[in-house]
Amino acid sequence: MSANWIPGVPAPTHDDLNTCVQCGLCLPHCPTFRVTGLETSSPRGRIAAMRAVQEGQATVDGDFTRFTDECLACRACEAACPSSVPYGRLIEAARAQTEAARPVAERAVRRAGINGVIGHRRLTRLMGWGLAVMQALRLDRLAPARLRMATPRVTLRGMRQPLPEPVGDGPEAMLLTGCVMDIAFRPAHRATLHAMGRAGYRATTPAQGGCCGALAAHAGEVEEARHLARQRIAEMEGAQVVVADSAGCSAHLRSYGHLLADDPAWADRARAFSARVRDAVELDAPPARTVDERVAVHDACHHLHAQGIGPEVRRVLRDAGATPVDLGDGGRCCGAGGIYNVLEPEMAATLGEQKARAIMATGARVVAVANPGCAIQIRNHLRAQGSEIQVRHPLEIVD
Amino acid sequence: MTTAAAELADGLRQILGADRLLMGDLARNLYSHDGSIVGGDCGMVALPETTDEVAACMRLAHQAGVEVTPRGSGTGLTGGAVPLDGGLVISLARMREMEPVDVANSCVWVQPGVLNLDVSTAVAHLGLHYAPDPSSQQACSIGGNVGTNAGGPHCLAYGVTVQHVLAVELVRPDGTVQVLGGVAPDAPGYDLRGVVVGAEGTVGVVTRVLLRLTPLPPDVRTMLLDFTSVADASAVVQAIIAEGVIPAALEMMDRNMTLAVEEFVHAGLPTDAAALLLVEVDGTPAEVDTGTAVVQRVAARHGVRTVRVAQDEDERALLWKARKTAFGAVARVKPSYYLHDCVVPRTRLVEIMEVIAEITEREGVMCLNVFHAGDGNLHPIIALDRSDPDETERAMRAGDQIVRACVAMGGTLSGEHGIGVEKRDYMPLVFDEDDLQAQACVRRAFDPDGRMNPDKVLPTGTRCGEVGLADTQVPEGTWI
């Protein structure tokens, strides 16, 4: 019984795989299983596939890659698992394997976006300007649907508006400016900086800034993810508190300790850094204004499942006088999944449509969404359904 | 692949399209398992969405002479949904439609892939629920529940699946479709619906089920009792029922299990207790008060340490989550488990718990107990690491001895999980040759070719004898 993993690449470990007893309690919580009813699109099935490779009965082949590609990595299964199977860790390792097995040309295309653009702040900004110009000229309508649904709304005005100078007094709290957030969600950044000030911090932004590496890590590009993690740590570790206003980023910043655990020069710094991370909705900032309306709440998977954040979002809204309204879909993933909606457009569209309908059914005029991937997907699917419901970060709503 | 199998695959592809027929090695591997440690050999997987599609699949399998194993969510614990000889698996997981509720008759037709808990959730606004609640209810399917005649904590007061299935639509092995049972409380003729419930997919594929819906109780109280000895807890179980109170549920959990599950749910379970009882009484407020008083009085008589009464619905849900996720939490101890669900008369609970402790200690295996104490339905979970052949051997041996001990105390093999492969060879412990042959004859009446989930339930070698007895075998003077 020898494992068929590709050597020299991170792989799911025997111990992690052994935490699954195949009880199947994860099945109903998995969005892709709910859509397909296939064991092959369930967490238990994916773990069984990994175990088959581990036990030498299967290889990292086309089928294995398809089963892993289809996973949104929403980690809803992880929260439901009585054995606490570290599914997020397993799927990231499995993806490192499938990336290594992918044909060079295909891999190059997949990597171009993540490593070539997102990882570089200037290129990301440039891409933002490009998108803003295209959208201003309405040229974006020419793009294929799968790209359009995954593209954020970027305006020329938004690109020109700078972030505020340091806000407030007190210990320093630094906001991760990030990649996509920085070009398409500056209003959320501004609201978060204000909230950091109201929470008693001196709110600052990094001199350079850049991507936290979550997208790279989720796509199995571990080395790129480690590289970006070191950059962010070096740049931000001076602050007492590190804040992120994107659920995917705060969850990923909190995993730096694990990501760099094998790097003797960085392991301690990474652990200390992760311990100082706060998600924007955890700031306990008093609201800046009163909101007298019902607000639909979308729970980002990286909040609800990866960090157990859910009540916090509702508290932010309730403190301002708003009535948070749950979607009644059990917090199912909206199908954005980082760049999932570009790679698996059909599944993403099914889930996006379901989510848009659930939001519309609340009758609210605005939906609170604390993650850029979700916000893009939800906004585009709401518009596709003819709905004008506004998509806002919870702190933006109370700013 | 044989020519017959290749032709079958072509035919199935025409009906279902390439997306709903799985043939790849890895997919077949995944469908060769269920929630148990049994492994099998799956030839191909079909995923029909309608009764007509199932019937068409069954006709093709009939023509090809291929064996068929139906599958729901695959949470079963006896290998019932595991194909053994490379046959066709028909997964009903895509058949998830519920018809509108018949409120006047309190019933609803559902497709077999509908999940148990989803039924209760969907009818809660009508003040109704589907009473049988297997611990895996969030994941297990109605079709699977029908196959195994599933139970659950609340079956003590409400009865098991067969009492809640009014009718089934069955696709027979040759592809003909038949409805057995109906809304009327007692359909004329033989109760063939009762044969299908618990048949574990050996008589055909169930494609629609008419479920009885039960009113939600007006009041409910959930209590957690903790004891310093397993014997005291066991004694309380029979004493409560002897006092004339049938709680809605009466569950026991021993210390090993409590430790594992508390790590997941953080429900504040007393991890130093030797045994916990989870007792729920429901009914009108007056009934609930009376039941609660009896439970507390009996427990006090047997040295209960504390009685924790759930203060609100959240706390009640948390206590039930602790109970219902228990099996899955075993992986915190070992990567696999081997489990029987044998039954003893509840008057023998104290004894059997001692015997189980002796057996597992002698074999040097770790046993976690969590079970439906009220109806004597045990779940001794033996935790093991399958990569350790010696430990696996000892676990199997301990399981074997536990089953035999239960039967020797007047119990039986299975309370709710079914027989499947795992308990098949124990059937002669409770049935003699004639009984088994009679059961084989029933099975054969539905499935003359023996292609439906073969080698399950009845021991290999049990064949239906000639039904029409030869004249010479009939004793003289017998009236025929």
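**View 1. The open four-stranded sheet of chain A.** In this predicted model, four strands of chain A form an open sheet in the order β2-β1-β3-β4, paired in parallel. Strands here are DSSP runs of E with at least two residues, helices are runs of H or I with at least four, and both are numbered from the N terminus. Two strands pair if DSSP finds at least two bridges between them. The edges belong to β2 (202-204) and β4 (277-279) of chain A; each has a single partner strand, so one side of each lacks a neighbour in the sheet. On average, neighbouring strands are turned by 30° against each other, direction ignored; axes are lines fitted to C-alpha atoms.

**View 2. Strands β3 and β4 of chain A.** β3 (residues 241-244) of chain A pairs with β4(A) in the parallel sense, over three bridges. A:V242 stands opposite A:V277 in β4(A).

**View 3. Domains 3 and 4 of chain B.** Domain 3 of chain B covers 219-324 and domain 4 covers 333-408, with bounds from an automatic or database domain assignment. Their centres, taken over C-alpha atoms, are 22 Å apart. The contact takes 18 residues from domain 3 of chain B and 15 residues from domain 4 of chain B, counting residues whose C-beta atoms, placed from the backbone, lie within 7 Å.

**View 4. The side of domain 3 of chain B that touches domain 4 of chain B.** Two or more residues each come from α8 (230-242), β12 (249-254) and α9 (255-265) of chain B. α8(B) gives the largest share, seven residues.

**Notes.** Residues are numbered from 1 along each chain as its sequence is written, and chains are lettered from A in the order in which they are written, with ligands numbered from 1 likewise. Local features need pLDDT of at least 70 and side-chain atom pairs count only at pLDDT 80 or more, while totals for chains, interfaces and linings use all residues.

Technical notes:
Axes are lines fitted to C-alpha atoms, for helices over the stretch in contact, and angles run from 0 to 180 degrees between N-to-C directions. Two residues are in contact if their C-beta atoms, placed from the backbone, lie within 7 Å.
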